[in-house]
Amino acid sequence: MNETTAMNPVDTFAILFAEQGANDYLGEAVTQSAHMLQAAALAEAAGAPASLVAAALLHDVGHFTGPVSGDELMSGTDNRHSHVGADWLGAWFPESVTEPVRLHVAAKRYLCATEPGYFEKLSEASVYTLQVQGGPMSAEEAERFAAGEYALQAVALRRWDEEAKDPDADVPGFEYYRPLLEGLVR
């Protein structure tokens, strides 16, 4: 990452989407880039603000930028990609982008604990990673999560995340989001 972090951050993201993002998405039928692009398209279609569309687009960059890979996550080691990605994105973006990213795994745990039927919506890979990431929240954890400043945004992102696994989806490519990202970079 050292070579790319010195350049324009949006160019760095484009490289990540083209290179690491072209890899399989951890047991899903889409690539990592296709998954994130679908999440962003769903956010935009829902009328989300630019910062939440950016969060949806970039929510899984922690799989690329952290010391523990996504493959290791699928082998049973929590890579804390939500925190790693949010911390890394914090160099360029405000909390309105980074905090929904940070909380999107917690939102899965929250929804599985509080919303009847949500667990059944999870893909096989998401069911597996849920267990690696701590399982459904306890009642106390869920109460604390729901009281957080970015809980609603994280829950919306989580719903798009789970839905963004369609191998036949036709969504805009990364360059479509370049102006949006450039408008948010500090």
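The paragraphs below take these topics in turn.

The model is predicted, and the protein chain has a mean pLDDT of 91, with 89% of its residues at 70 or more. Residues 1–5 have a pLDDT below 50, and beyond near neighbours in sequence this stretch has nine contacts in the model. Where pLDDT is low, the predicted coordinates should not be read in detail.

Next comes the helix pair. Helix 8 spans residues 95–114 and helix 11 spans residues 139–146; their axes come within 10 Å and cross at roughly 125°. Helix 8 is therefore oblique to helix 11, since an angle counts as roughly perpendicular from 65 to 115 degrees and as roughly antiparallel over 145. The crossing of helix 8 with helix 11 is left-handed. On the helix 8 side, the contact is made by Leu 103, Ala 106, Ala 107, Arg 109, Tyr 110 and Thr 114, and on the helix 11 side by Glu 141, Ala 142, Phe 145 and Ala 146. By class, the residues of this contact comprise seven nonpolar, one polar and two charged.

The loop between helix 7 (81–89) and helix 8 holds Gly 90. Is Gly 90 buried, partly exposed or exposed? Its relative accessibility is 25%, so Gly 90 counts as partly exposed, the class between under 20% for buried and over 50% for exposed. Leaving aside residues up to four places away in sequence, Gly 90 touches Thr 98 and Arg 186. Gly 90 and Arg 186 lie 96 residues apart along the chain, and their C-alpha atoms are separated by 9.8 Å.

Methods: Residues numbered from 1 in each chain as written. Predicted model: local features only at pLDDT ≥ 70, side-chain atom pairs only at ≥ 80, totals over all residues. Heavy atoms only, no water. pLDDT = per-residue confidence, 0-100. Contact = heavy atoms within 4.5 Å. Axes fitted to C-alpha atoms, helices over the stretch in contact; angles between N-to-C directions. Helix = DSSP H or I, 4+ residues; strand = E, 2+ residues; numbered from the N terminus. Parallel < 35°, antiparallel > 145°, perpendicular 65-115°, else oblique. Left-handed = near helix turned anticlockwise from the far one by under 90°. Nonpolar A, V, L, I, M, F, W, Y, C, P; charged D, E, K, R; others polar. Buried < 20%, exposed > 50% of the residue type's maximum accessible area, 1.4 Å probe, protein only.
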